[in-house]
Amino acid sequence: MKQDIRNLFKEEDELKTLPEDHSTEFLEKLRKQSKKELSFSWLKIVAVLLIALTIGFSVYYNQPEAVKVSPIIAQVEAVEAEYLASIEEEWQSFVAIADDAVLVERFRKKLKDLDADYQDISLQFKGDSNNILVIEALVENLQTRLQILKDIQKHIKILNQKNEHHEKSI
């Protein structure tokens, strides 16, 4: 088993004789390999382009359509804006003619409860904007709030007229 290492290297040197056409064979192998790499590089470029186009199209076509608003949603928003403006106007009018702070606070609480119900219904509407029952519930809630304010103002005006009538008769 023991061998002299120097003898091993001498034997290897004798084995390493290159053939005469070694350089031409080497150049041929390099040319073939570069042709294969060139064809694979085109495939890589095409694959990258396909992946980029696929991602681009998927991003473009999967964008949320926030720009498009359905006609139903637009109509409901318009009705909502009108009612909310009328409710605010009636509320300001009510506060101006009401002398009783307890009465104002009681109706403020009642309107807040109705507004909380309205927010719940509005969430349902955002989930299913084509449901007629939800749309009717939204409008009915707004109408109820407006009617409450109109009724209480009418009642206050009647009370004020009766008080003025009693004061004039005394």
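First, the ground rules. Residues are numbered from 1 along each chain as its sequence is written, and side-chain values use heavy atoms, with hydrogens and water left out. Since the model is predicted, local features need pLDDT of at least 70 and side-chain atom pairs count only at pLDDT 80 or more, while totals for chains, interfaces and linings use all residues.

**Overall layout**

The chain has 5 helices and 0 strands, so from the N terminus the elements read α-α-α-α-α; helices (H or I, at least four residues) and strands (E, at least two) are DSSP runs, numbered from the N terminus. Of its 170 residues, 17% are buried, where buried means under 20% relative accessible area, exposed over 50%, and partly exposed in between (1.4 Å probe, protein chains only). Contacts (heavy atoms within 4.5 Å) with a separation of 6 or more come 72% from residues 24 or more positions apart. The chain exposes about 14600 Å², with carbon and sulfur atoms supplying 59% of that; areas are Shrake-Rupley values with a 1.4 Å probe, and for residues only the protein chains shown count as cover.

**Helix α4**

Helix α4 covers residues 101-127, and its 27 residues reach 39 Å from first C-alpha to last, close to the 39 Å expected at 1.5 Å a residue. That expected span is 1.5 Å times one less than the number of residues. At the start of α4, a side-chain oxygen of D100 comes to within 3.3 Å of the backbone nitrogen of V102. This is a polar contact: a pair of N or O atoms within 3.5 Å, where within protein one must be able to donate a hydrogen and the other to accept it, and residues adjacent in sequence count only if both atoms are side-chain atoms. The buried residues of α4 include L103, F107, L111, L114 and Y118.

**Salt bridges**

The count comes to 3 salt bridges, each being a side-chain nitrogen of Lys or Arg within 4 Å of a carboxyl oxygen of Asp or Glu.

| Pair | N to O distance |
|---|---|
| R108 and E105 | 3.3 Å |
| D113 and K109 | 3.4 Å |
| R145 and D115 | 3.3 Å |

R145 lies in helix α5 and D115 in helix α4, so this pair ties together parts that are 30 residues apart in sequence. R145 is buried at 6% relative accessibility, whereas D115 is partly exposed at 30%. Setting aside neighbours within four places in sequence, R145 also touches residues including L84, I87, L111 and Y118.

An α-helix has 3.6 residues a turn, so residues three or four places apart point the same way. R108 is partly exposed at 32%, and so is E105 at 44%. D113 is partly exposed at 40%, but K109 is exposed at 52%.

Q153 lies in helix α5 (residues 132-169) and is buried, at 6% relative accessible area. A polar atom of the Q153 side chain is 2.6 Å from the backbone oxygen of E90. Beyond residues up to four places away in sequence, Q153 touches E90, S93, F94 and I97.

F57 belongs to helix α2 (residues 22-61).
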